[in-house]
Amino acid sequence: MPWSRREWLAAAAAGALTRKARAASAATVAVGRCSSYGPAVVPVMATMFGQLGGIAGLVSGKTVAIKINMSSPLRERTGFRPAWFTRWTHPDVIGAAIRLFHKAGARRIRILESSTEDAHPLEENFLIGGCDPNALLKLAPSVEMENTSGLGSGHDYSRLEVPGGGLIYPGFDVNHSYAKCDVMVSMAKLLESPAAGLSLSMENMLGIAPVTIYGDAAGYESPSDEPYGERTAIFATGKRQPPHTSPAEKNPDSPREPGYRLPRIVVDILKARPVHLAIIDGVESQTGTRERGVRPVKPGVLIAGLNPVATDAVAAAIMGFDPMAARGKPPFENCDSTLQLAEEAGLGPRDPGKIKVLGLPVAKARFPFR
Amino acid sequence: MTGLIPFRWPAEWKDPSKLALLRGTPINCLAGQAPPPFPTGDLKFIRLEKDSPPDGIAVRAGVWPWVLPPERDVAEAGPTGAPWVDSNVGTIHMARTLAPGKPVWLTYAPPAAKQGPPLSSFARPVAEAAAHGARWVITLNERFVAGLDAGSGEALQAWKRLAAALNFFERRPEWRNWEPVAALAVVSTFEGETELLSYEFLNMAPRRQLAFRAVLPKGVPHTSFDKQKAIVYIEPGPPEGEVRKRLVAFAEAGGLLISPRGIVTTPPDQTRMQYQFHRAGKGWIAVPPDAWYDPYLMVRQVHLLLGHRLDVVRVWNGSDVGSYCLASPKGDRAVVHLIQYGAGPTLPVTLGFDTPYRVARVTTLESERILKPSRGELGVEFAVGEFSDYAAVELEV
C-alpha cells in the first residue's frame, strides 16, 4: 500500500527511517499523543521512532518479529467494544509499525502471537477477532503471520537459554519464530494485569511460551500436539513442570505463588529473548481487570522505547502508578514488581530519573487507571 | 402430524382442571404412554412408547440443552477447555435429514428438580427445538408441576414464558420453509460405521458457529449446492458413481470438496494442514492424511480449510450461545436464532455479517427492538445485547 505524502513527510522529518539507532538512547522513551486509530498512527509513530534515533540501523535487512498482544478469549469483547480497542494491540498500530519497518528496509516482518485456545493460523484468529488479516499482510511484500502456540510452521522447538541461569527457569523451548529473528519487537497494550500488576511490553513476552509446552494441557513426556489451556499450572502456580524434554525449573521448592513466580518468569524470558524495541498501544484501552471489572478508556498515547524496562516504567507512570513501587503498592498489590526485578537483573532502568522521555511529557500524557 | 404441538401430561394431574393452563397456548396435542384419565376435548393424543414410535413422526431422545453445571460429577469442559454444552442441534438435523418431511419430536425429560434448571429456562428447549425445525415434547419436572399446583408465581410466570416461546414460533410459520445459510454442506448416510463421526460433526460444528446443511448421498444428484463453498463427504470411503460425479463437478466449478482418500489417484498439487490438495477445474479436492477418527479435530480441520472468512454469522461474547441462520427464498430476509445454553443472561452479544443487512429486529422472550448496523472490519455488526435462553435476530437487506 503506497504511503501518503503526509506519512512520508512526517517520517522523513522525524528521521525515523534514515538515522541509525543510537546506543545512548537505550533509556530513552518516546511518548506520542495519538487520539484515535486510523491514519494518525503512522506519523505519530514515525516521529517517535525518530526521537529514538531512527530505526533503520535496527531493522534494515533484518527479519523483524513483532509479538503482538492478542490474548484469549478470542471471541470476547468488552461490552460491545471489540478487543482491538480494549485488550489487544490495534491493527492500525501493527500496520503503522509494518509500514515504517518496511520503509526502513526490513527484509521480513513476522507478526506473532500464541493462542491459548487453538492452533489456528494466526490469520484465522484475526478473522475470529473481527479483523481482516489481509489488510496487514498486504502492507509490505514480506509480511507473515504465525500462531506460536505450538510448532507452527517449524519442525522443532528452539531452546532459549537464560544467561546466568535464570530466576525460575534456566531456559525455555519456544516456537522457531522467536529464535530465527534478528529483531524482537514487543508490541503491547496499555493494561493492568491481575497477576503481574502490569500487562505491558515485558509481560507481553510471557506469551512467547508455547502452550503445547507451558499450557495446562501440555504433555508430560513431550510437548502436546494441540495447544490449549492457560499457562497456569506450570507458570503461575508451579503445580507441575514442563514436559521432560524442556528445561525444568531450577528450584521446585521455591514459592508456588503466582505473584512471586510470574514476575520472575517474565524477567527470565526477557533475558532469554531480549526485546529490541518496545511499543505500547495506549490509544485506547481498558482500565481494571476482569476480576475487578473493566471499563473502556481512551488514554490517547503511544509509547515506544528501545528498552522494555524503561518503556514499561514510563507507561506505568502514565497510568498513574509509581514505577518504583514495591510489592503491596499499586499496581503490585498481589505480586512482586516486574520492573524492580528486571532492573535488578540488569535489564534496564525503572527509575524515572534515569529515563529520558521525549515527545509528550509524562505529566501531560498521564491517564490515571485508578 | 406436522402441525402438532405436544405436551406430556403430568401423571400427577388426575383431573381436567389443569387443562385451563393450555388455553392461550398453541399446544394442541397430548403425548405420553397413556392418555389422561378424563376427556380432553379437541386435544389429540399421541402414544409415545419406547420401541414403537408413532407413525409419521421421527422421535428422538435428546438431552436437556444447557451447559453442564459444575456441581455435577461429570465432564465440565470440552476438548478446548470451553464449557461443555449439551445441545440437540446434531440430533435434530440428523433426524430431519434421515426423515425429510417428517416432524421431529424430542422426548427428553428435564433434569431432576434438585439439580435442575430454573423454571424460567423451560422456554429454552422449546425455542431450541423450534428454531431448528423440531418440537420438544414439553415435559415438566416435579418442581414445575408442584409449583403450578400451588399456584406459585415463579411457576406460573415460567409457564407463561414457555407459552410465549411457543406462540413466537407459531406466529412465524414462514420460517419453516426458509433454507439454512451455510457455506458448508455435510454429505453422509449418517448410518453404519460413519454414524458416530457424522452425527458428532453436526453436534460439534455449532459450538464453533460453523453453519452447515446436511444432505444424504442419495440426495446429492438432485441438490443444488450453488450457495455452498465447500462440501465434506463423511463416509469410510470416497464417493462413487453419480454422487462422485456430482461432487467432483462441484469442485470443478470452483468449490472445495473434502473427501476420504481414494477419490483422486494423481499426486497432490499442494499440501495444507497435512491435507493433500488436488486441483480440480476451478476448485480443489482435499484429502485428509489419515482416516478421520476424532470428530472434534475433524470439525476444526474442516472449519479451517473453509476459513473463518466464510463464517455466516460471527458471534462475539457468545461462548455459550449457539446460532442458526435461515434465509428467505428471495434472500432479502434472514433470521438468526440464538440459543443461550448457559445460566443467567448472556454477556452483551454482537453479531457480524458479510451480507450488508440494513436493519435488524431483535426479539427476546421479554422484549423487542430495532437495531441499525455499525460498520465492522469484516462487514456489518449488530449490538444485540444481553438475553436469556433465546433471541431471534430478524434481518433485512
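1. Let's start where the two chains meet. In this predicted model, the contact draws on 17 residues from chain A and 18 residues from chain B. On chain A, the side that touches chain B is made up of 6 nonpolar, 4 polar and 7 charged residues.

2. Next, look inside. The largest nonpolar core holds 118 residues, and A:Met45, A:Ile66, A:Ala97 and A:Val314 have the most contacts within it. Its top contributor is helix 11 of chain A (residues 308–318), which supplies 8 residues. There is also a second, separate core of 113 residues, with B:Leu106, B:Val137, B:Phe212 and B:Ala286 among them.

3. Once neighbours within four places in sequence are set aside, A:Ala97 is in contact with A:Met45, A:Ile66, A:Met187 and A:Ile279.

4. Now find the open sheet in chain A: 8 strands in the order 4-3-2-7-10-13-1-14, with mixed pairing. Strand 4 (143–147) and strand 14 (356–359) each have a single partner strand, so one side of each has no neighbour in the sheet. On average, neighbouring strands are turned by 20° against each other, direction ignored.

5. A:Ala65 has A:Arg110 in strand 3 as its bridge partner. Helix 6 of chain A (residues 122–129) packs on the sheet, touching strand 3 and strand 4, and its direction makes about 85° with that of strand 4.

6. Finally, a word on confidence. Chain A averages a pLDDT of 93, but residues 20–24 of chain A stay under 50.

Technical notes: Residues are numbered from 1 along each chain as its sequence is written. Chains are lettered from A and ligands numbered from 1 in the order in which they are written. This is a predicted model: local features need pLDDT of at least 70, side-chain atom pairs count only at pLDDT 80 or more; totals for chains, interfaces and linings use all residues. Two residues are in contact if their C-beta atoms, placed from the backbone, lie within 7 Å. Ala, Val, Leu, Ile, Met, Phe, Trp, Tyr, Cys and Pro count as nonpolar, Asp, Glu, Lys and Arg as charged, and the others, Gly among them, as polar. A nonpolar core is a set of buried Ala, Val, Leu, Ile, Met, Phe, Trp, Tyr and Cys residues joined through C-beta atoms within 7 Å. A residue is buried if 20 or more other C-beta atoms lie within 10 Å of its own, exposed if 12 or fewer, and partly exposed in between; C-beta atoms are placed from the backbone. Helices (H or I, at least four residues) and strands (E, at least two) are DSSP runs, numbered from the N terminus. pLDDT is the predictor's confidence in each residue, from 0 to 100. Two strands pair if DSSP finds at least two bridges between them. Axes are lines fitted to C-alpha atoms, for helices over the stretch in contact, and angles run from 0 to 180 degrees between N-to-C directions.
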